[in-house]
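Here's a quick briefing to read alongside the model. Have the sequence and the 3D view open as you go.

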Protein chains: 2
Amino acid sequence: MTEFNDFFKSAFTVDNVIFGFDEGDLKVLLIKRGEAPYAGKWGLPGYFVYPNEDLDAAAERVLGELTGLRHVFLEQVKTFGAVDRHPFGRVITVAYFSLIKITDYTIQPSSIAQKAQWHSVARVKDLAFDHNKILDACFQRLKWMVRTRPVGFELLPPKFTLTELQHLYEAILETPLDKRNFRKKILSMNLLIDLEETQEGVAHRPARLYQFDKTKYREFLAEGFSFELKESKKKERRNMVEGSSI
Amino acid sequence: MTEFNDFFKSAFTVDNVIFGFDEGDLKVLLIKRGEAPYAGKWGLPGYFVYPNEDLDAAAERVLGELTGLRHVFLEQVKTFGAVDRHPFGRVITVAYFSLIKITDYTIQPSSIAQKAQWHSVARVKDLAFDHNKILDACFQRLKWMVRTRPVGFELLPPKFTLTELQHLYEAILETPLDKRNFRKKILSMNLLIDLEETQEGVAHRPARLYQFDKTKYREFLAEGFSFELKESKKKERRNMVEGSSI
DNA sequence: CGAGCTAGTGTATTTTTTACACTAATTGTG
DNA sequence: CACAATTAGTGTAAAAAATACACTAGCTCG
């Protein structure tokens with residue numbers, strides 16, 4: 001076992017890409033670093049994983065320390081391990097991304113952060129370490145995920161209008177969507193509860209407010225992973241590949 | 001910086017899930033471990049990442065040492081970092097998966113491997129470390145990928161029949177497919193070159209042989225990431241979300 | 001009370017997916 | 001040498017999903 005000692009000189013960190021949505025714009029939470037390395041630069045909130053801490057737990061801790069949020073959507077995306085990515089030595093980082101409702105939380109800058117601030121994803125410039133790469137990978141993942149699962153709701157306040165939801169999708173996918181088709185599709189999923197309330201104090205026709213139906217969402221996820229129910233058309237059923245492309 | 005010294009006592013490894021396809025069956029290459037820990041047990045080929053080695057390079061090295069193959073399909077999947085997953089200390093592992101043509105390589109058991117052998121994915125039992133979890137994650141990724149990109153070809157010999165290709169998809173997706181629809185879809189992608197040859201020495205009508213068109217595949221990938229060409233139906237074009245579900 | 005603004009709605013067309021059954025070409029056997 | 005066994009290969013109709021598209025409704029503010 002002594003032959004392996006040389007390998008036990010590395011460290012790992014987690015970095016969180018925390019997305020939020022505000023003013024029709026997709027945002028990411030960045031911190032202004034208060035510590036070396038890259039003190040004074042903007043970067044992703046992240047920190048070393050403690051020796052007795054699981055990776056997922058570390059990601060939750062970092063997020064919690066910074067935002068005060070617990071139990072939010074958090075998912076591992078990719079690990080970055082270029083040899084020279086950290087000036088202190090060999091440090092690989094595991095990137096996580098999470099989606100939060102901006103209005104739900106208050107920033108609590110932690111030890112490494114002088115301050116934390118939302119930045120428009122489209123306008124993020126030069127970040128510490130390889131954090132631009134990490135942000136990009138997480139953004140791609142978000143784009144993919146938003147087409148696959150109805151995660152968009154994680155980013156909106158509890159009550160929202162269909163137009164707000166559409167703007168969110170447009171911001172993430174970076175493409176305009178057709179209003180009628182969007183509504184048709186969203187409503188056909190039966191994941192929204194019509195609150196039978198409308199906006200107030202807006203200088204135009206007020207929109208209906210909706211709420212996300214978490215119960216149905218759980219069913220949706222469960223179904224999505226089990227096989228479809230349309231089995232047994234004949235005795236022996238023959239499916240075709242269902243994805244958009246093989 | 002001394003305050004960080006405690007963090008620099010960890011190690012990381014890469015583990016490769018190497019898929020192959022033979023006899024109508026999806027296989028994974030496992031090694032019988034010759035070294036502690038878990039000596040004598042079957043596990044995934046993997047090793048420590050050297051201090052001056054990038055993660056991707058380490059994965060390629062491990063694959064190359066074992067199979068002699070370079071420049072094959074290899075992709076990072078997920079990082080596993082439970083605190084107690086390695087008996088020697090804190091070791092996180094980055095899982096990669098790769099797709100190879102079984103016929104292309106010869107097994108070269110490396111230092112850690114007493115022997116290497118193909119195992120049917122469906123029948124893999126108790127592996128060293130958390131390698132069952134890793135294998136499962138990679139298998140799920142393969143399932144997803146096979147619906148998204150035409151990666152199936154990576155697993156087949158240079159010349160193959162449509163039936164062989166279909167069997168491959170059926171093995172990965174674990175579901176039967178309709179022959180005519182499968183052929184229609186595959187051929188409509190224009191990624192196959194009809195070699196105008198047929199099988200020989202088979203006791204039934206011989207099938208046509210096809211070859212994968214790498215040039216068109218590269219175009220396919222490029223297009224897949226750029227926007228579709230059907231832009232500008234009107235001056236201002238309004239798309240609908242295109243995924244199967246939002 | 002009208003101008004300005006956003007909400008909200010339906011349908012026809014096109015594209016994609018699905019279901020489904022018979023004939024063709026080869027080898028091995030009696 | 002024909003016929004049994006086996007896998008290859010083919011087309012179409014119906015259903016479902018995606019797309020394109022334009023007007024009326026309801027609120028505030030001046």
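The largest nonpolar core has 112 residues, and the ones touching the most other members are A:Val14, A:Val17, A:Phe19, A:Cys138, B:Val14, B:Val17 and B:Cys138. A nonpolar core here is a set of buried Ala, Val, Leu, Ile, Met, Phe, Trp, Tyr and Cys residues joined through C-beta atoms within 7 Å. Buried means 20 or more other C-beta atoms within 10 Å of a residue's own, exposed means 12 or fewer, and partly exposed is in between, with C-beta atoms placed from the backbone.

This is a predicted model, so to speak of local features takes pLDDT of at least 70 and side-chain atom pairs count only at pLDDT 80 or more, while totals for chains, interfaces and linings use all residues. Residues are numbered from 1 along each chain as its sequence is written, and chains are lettered from A and ligands numbered from 1 in the order in which they are written.

**Inside the core**
- Skipping its neighbours within four places in sequence, B:Val17 is in contact with B:Val28, B:Leu44, B:Ala95, B:Phe97, B:Ile134, B:Leu135 and B:Cys138. Contact means that the C-beta atoms of two residues, placed from the backbone, lie within 7 Å.

**Where the chains meet**
- On the A–B interface, 46 residues of chain B are in contact with 46 residues of chain A.
- On the chain B side, strand S1 (11–22), strand S5 (73–80), strand S6 (91–99), helix H2 (131–148) and helix H4 (179–188) each supply at least two residues. Helices (H or I, at least four residues) and strands (E, at least two) are DSSP runs, numbered from the N terminus.
- H4(B) gives the largest share of that side, four residues.
- By class, the chain B side splits into 24 nonpolar, 12 polar and 10 charged residues. Nonpolar covers Ala, Val, Leu, Ile, Met, Phe, Trp, Tyr, Cys and Pro, charged covers Asp, Glu, Lys and Arg, and the others, Gly among them, are polar.

**H2 against H3**
- In chain B, the axes of H2(B) and H3(B) (residues 162–173) come within 9 Å and cross at roughly 140°. That makes H2(B) oblique to H3(B).
- Axes are lines fitted to C-alpha atoms, for helices over the stretch in contact, and angles run from 0 to 180 degrees between N-to-C directions. Under 35 degrees counts as roughly parallel, over 145 as roughly antiparallel, 65 to 115 as roughly perpendicular, and the rest as oblique.
- B:Leu142, B:Lys143 and B:Val146 in H2(B) meet B:Tyr169, B:Ile172 and B:Leu173 in H3(B). That contact has five nonpolar, no polar and one charged residues.
- In chain A, the axes of H2(A) (residues 131–148) and H3(A) (residues 162–173) come within 9 Å and cross at roughly 140°. A:Leu142, A:Lys143 and A:Val146 of H2(A) and A:Tyr169, A:Ile172 and A:Leu173 of H3(A) make the contact.

- B:Glu60 sits in helix H1 (residues 55–67) of chain B and is buried, with 21 other C-beta atoms within 10 Å. Beyond four places in sequence, B:Glu60 is in contact with B:Arg70 and B:Leu74. B:Glu60 and B:Arg70 are 10 residues apart in sequence and 7.0 Å apart, C-alpha to C-alpha.
- A:Val49 lies in the loop between strand S4 (46–48) and helix H1 (55–67) of chain A. With 26 C-beta neighbours inside 10 Å, A:Val49 is buried. Not counting residues up to four places away in sequence, A:Val49 touches A:Phe12, A:Thr13, A:Val14, A:Leu55 and A:Ala58.
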